[in-house]
Each structure stands twice: as structure tokens, then as C-alpha cells.
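I open these entries to keep track of what I looked up in this structure, one topic at a time. The sequence and the model come before my notes.

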Amino acid sequence: MDRDLSDDDSVVDLSFEAESPPAPPAELLERLPSCDWLLQGGGQQIFFPPLEAPGRPLEQRCWSSFMEHSRVPMVTEEVAREALLSFVSSKCCYGRAAAGDLVIQELKQQTLCRYRLETFTESRISEWTFQPFTNQSVDGPQRGTSPRLWDIKVQVPPMFQEDTKKFQVPHSSLVKGCHKCHGRGRYKCSGCHGAGMVRCPSCSGAKRKAKQSRRCQMCSGSGRRRCSTCSGRGNKTCATCKGEKKLLHFIQLVIVWKNSLFEFMSEHRLNCPGELLAKAKGESLFKDESTMVYPIVDFPLREISLASQRGIAEHSAALASRARVLQQRQTIELIPLTEVHYWYQGQTYVYYIYGTDHRVYVVDYPERYCCGCTII
């Protein structure tokens with residue numbers, strides 16, 4: 001067996017390789033005077049900027065003007081039939097005969113209002129992390145005082161697009177021996193305990209199989225096999241420091257940009273599933289975007305005004321204590337919904353047309369065959 005035993009003392013005897021902690025024990029890290037305010041006790045900290053005062057509320061809006069210029073076209077019988085034919089053509093188990101021959105009896109139409117509030121925030125977290133030290137430059141406290149987390153300038157992604165970025169805080173680095181292998185770069189293999197060889201699994205170390213006179217072919221009669229865990233080396237490279245023996249520790253800044261959504265749909269009398277209407281394409285009636293938006297208080301449909309007030313209050317309570325608000329956007333969309341009653345072969349059926357792109361939801365189509373496709 002080709003293995004140098006002269007440096008056994010430099011190999012740590014670990015019975016298993018546990019998952020490396022995200023940072024070494026606190027006692028291994030000396031206090032960094034310039035970073036005391038960044039991390040307290042070596043743990044993870046979240047820092048918040050001062051709250052910004054909201055701007056002035058918007059002036060009274062003339063909703064009648066909005067409504068006049070944002071009327072959703074009514075669904076005619078021709079449009080209703082074409083929408084169903086298009087839907088049926090997209091389904092492998094739906095026959096076209098019913099969609100072509102049905103008699104439309106009634107169109108019940110309603111325009112819904114969908115209110116949405118988006119709040120785009122930025123949060124910053126600081127935490128200790130490390131990487132193998134390969135003699136790279138060390139940007140430690142001797143080079144200056146670390147900047148405060150909210151003073152570190154970064155490129156903000158486009159508004160309302162979520163993202164996460166990680167940065168190394170300047171002047172927060174230090175080099176320490178690896179806490180996993182105690183600075184040795186490797187440790188004894190747990191499979192062979194450093195021997196490089198293990199008992200042959202075929203003959204259990206007896207050199208020949210039970211009730212057989214000839215020697216074991218797997219181990220050639222030696223009773224031992226090369227350890228597959230370490231390939232016979234007797235030790236493994238430390239996975240934490242990658243064999244470099246030292247680690248570069250530094251404070252990492254994690255910035256998370258998140259877009260929180262509050263959504264409300266006005267009450268409707270028709271039986272189209274709400275989850276479909278929430279995804280429906282609508283016509284924009286109103287859009288208000290600012291660092292902080294004010295609640296809508298004068299909308300003709302009172303439930304929309306109440307939803308605006310509730311959404312802004314909920315986002316303020318949930319986000320103000322853990323993130324900085326970069327931008328808010330509130331919108332009102334008109335969602336057309338039509339309930340179509342039709343007659344076919346002596347029975348009455350119903351389907352729904354929703355959204356400005358005329359999506360269809362079928363309750364019970366009369367000419368459907370069983371082949372596994374869905375009805376939505």
C-alpha cells in the first residue's frame with residue numbers, strides 16, 4: 001500500500017464529516033472594532049433604515065371621467081360562440097358539434113373591479129461567512145472602517161422585479177485556521193480509520209469463503225480490500241477549507257429585493273371560480289405609483305376604497321419593521337365576466353367568458369369524451 005505514514009499526527013481523527021457550520025465558533029473570531037455595529041455576538045443581524053414620511057395625498061379624482069374612457073366592450077352572441085369554439089378546439093376530448101349547433105338563450109354580463117397593491121422593498125442582512133484562503137488579498141480592518149450596511153451603494157434592479165445579491169463588506173476580512181480540520185487540511189477516513197484498507201466484504205477477512213478451500217478471489221486471499229471511501233489514502237481532504245488549512249472569514253451583506261402583493265376582487269353574483277378571475281386579463285382603469293401611495297377613498301365602489309385602505313395598512317404593518325419601501329404601485333382594472341346560458345339537444349347548459357382576452361370556463365359541456373384533459 002502506497003501511503004506515507006510519517007505525518008499521521010497532522011491528520012485529525014474525525015468519526016464523521018458533519019456539515020460545516022456557516023461560521024466558526026464565536027471564540028475563534030476576535031472582535032473587529034470597526035464591525036462591532038455590524039454584528040453583535042457573531043450572529044445574523046437585520047438593519048433597517050429610518051422610515052420615510054409619506055408624501056401628500058392625491059387630489060380628489062373624477063372617477064366618472066375614468067369610467068367613460070375605460071368601458072369594456074359587451075360580449076355579443078357572435079363573440080360568445082367564437083370564444084367557445086376556440087376553447088373547444090384546444091381540447092382533445094371536446095366535440096365541435098355542440099359548440100357549432102347550440103342556441104344561446106341568455107347572456108348575463110357583469111364588469112368586476114380588481115384592485116392590486118404592489119410594494120417593492122429592500123432588506124439587508126449581515127452574516128459571517130467564509131471561503132478557503134488561497135493567499136488572496138485580505139481586506140481587513142487595518143485598511144479602514146467598514147461602511148454601514150445602508151451606506152453601501154449597489155445597483156437596484158428594475159422596480160417590482162425581485163432579486164437577491166450578496167456582497168463582501170469592505171474591511172471585514174480576517175484569516176483563521178480551518179475550524180473543521182483544525183488547520184491540517186485533511187482528516188482520517190471514517191471508513192478505514194486511516195488504515196487505507198478495510199476487511200474484505202466477500203470473505204469477511206477470513207481470506208477464503210466459508211466451506212471453500214480456495215482463496216477469496218475478491219481480495220486475492222489477503223482478507224483486506226482498498227477502502228473505497230478514501231481510495232486507499234487513509235485520509236480525505238477537508239471539504240470546508242478544500243485542503244488549504246486556512247479560511248478567509250468576512251462579513252457578507254445579503255440584499256433581498258421583494259415585491260409584496262395585495263389583491264382584491266369586487267363582489268360578483270355569477271358562479272365563475274375566483275381563482276380564474278384573479279388571473280384574468282383586464283383593462284386598466286387607474287394606476288398610481290410613488291414611493292408611498294395613499295389609500296383610495298373616493299371610488300364609486302366602496303369596497304374598492306376599503307380594500308385600498310386595508311392593503312396599504314397591512315403592507316405598512318408587515319413591512320415597515322423589516323424592510324425599506326422603494327416603490328409602491330396600486331392599480332384598478334376592469335374585468336368583464338359573462339355567463340352564457342345555451343340550449344342543446346333539449347337541455348340547458350352554462351359556460352363563462354372572462355377577461356378582455358375572452359377566456360372560457362365550461363361547467364358541463366354536453367359533448368365531452370373521457371381522455372384526461374381538464375375543463376379549465
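Predicted model: local features only at pLDDT ≥ 70, side-chain atom pairs only at ≥ 80, totals over all residues.

**Entry on N259.** I looked up N259 and found that it counts as buried, because its relative accessibility is 17% and the cut-off for buried is under 20%. N259 has its place in strand β9, and its side chain makes a polar contact with the side chain of E118 at 3.1 Å. Leaving out residues up to four places away in sequence, I listed E118, T119, F120, F160 and E162 as the residues that N259 touches.

**Entry on Q328.** Next I turned to Q328, which is found in strand β11 and is buried, with a relative accessible area of 5%. What does the side chain of Q328 reach at 3.0 Å? I found that it reaches the backbone nitrogen of V293. Not counting residues up to four places away in sequence, Q328 touches E118, T119 and F160, and also D288, E289, S290, T291, M292 and V293. I noted that E118 is in the contact list of Q328 and that E118 is also in the list of N259.

**Entry on the aromatic pairs.** I then looked for aromatic pairs and found that the structure holds five. Y115 and F262 form one that is edge-to-face, with 6.3 Å from centre to centre and 65 degrees between the planes. Y115 lies in strand β2 and F262 in strand β9, so this pair ties together parts that are 147 residues apart in sequence. Are the two residues buried or exposed? Y115 counts as buried at 0% relative accessibility, and F262 counts as buried at 9%. Elsewhere in my search, I saw that ring pairs link Y342, Y349 and Y351 into a cluster.

**Entry on helix α5.** I followed helix α5, residues 302-319, which has 18 residues and reaches 26 Å from its first C-alpha to its last, close to the 26 Å expected at 1.5 Å a residue. In α5 I found I304, S305, A307, S308, G311, I312, H315 and L319 to be buried. These residues cover an arc of only 160 degrees around the axis, which puts them on the same side of α5. On the other side of α5, R302 and A317 are exposed. I also asked what the buried residues of α5 pack against, and the elements are β2 (103-132), β9 (246-265) and β11.

**Entry on Y365.** When residues up to four places away in sequence are not counted, Y365 touches L84, V88, Y94, G95, R96, A98, A99 and Y342.

Notes
Residues numbered from 1 in each chain as written. Heavy atoms only, no water. Contact = heavy atoms within 4.5 Å. Helix = DSSP H or I, 4+ residues; strand = E, 2+ residues; numbered from the N terminus. Expected span 1.5 Å × (residues − 1). Buried < 20%, exposed > 50% of the residue type's maximum accessible area, 1.4 Å probe, protein only. Arc of directions from axis to C-beta. Polar contact = N/O pair within 3.5 Å; in protein donor to acceptor, adjacent residues only side chain to side chain. Phe/Tyr/Trp six-rings, centres within 6.5 Å; stacked < 30°, edge-to-face > 60°.
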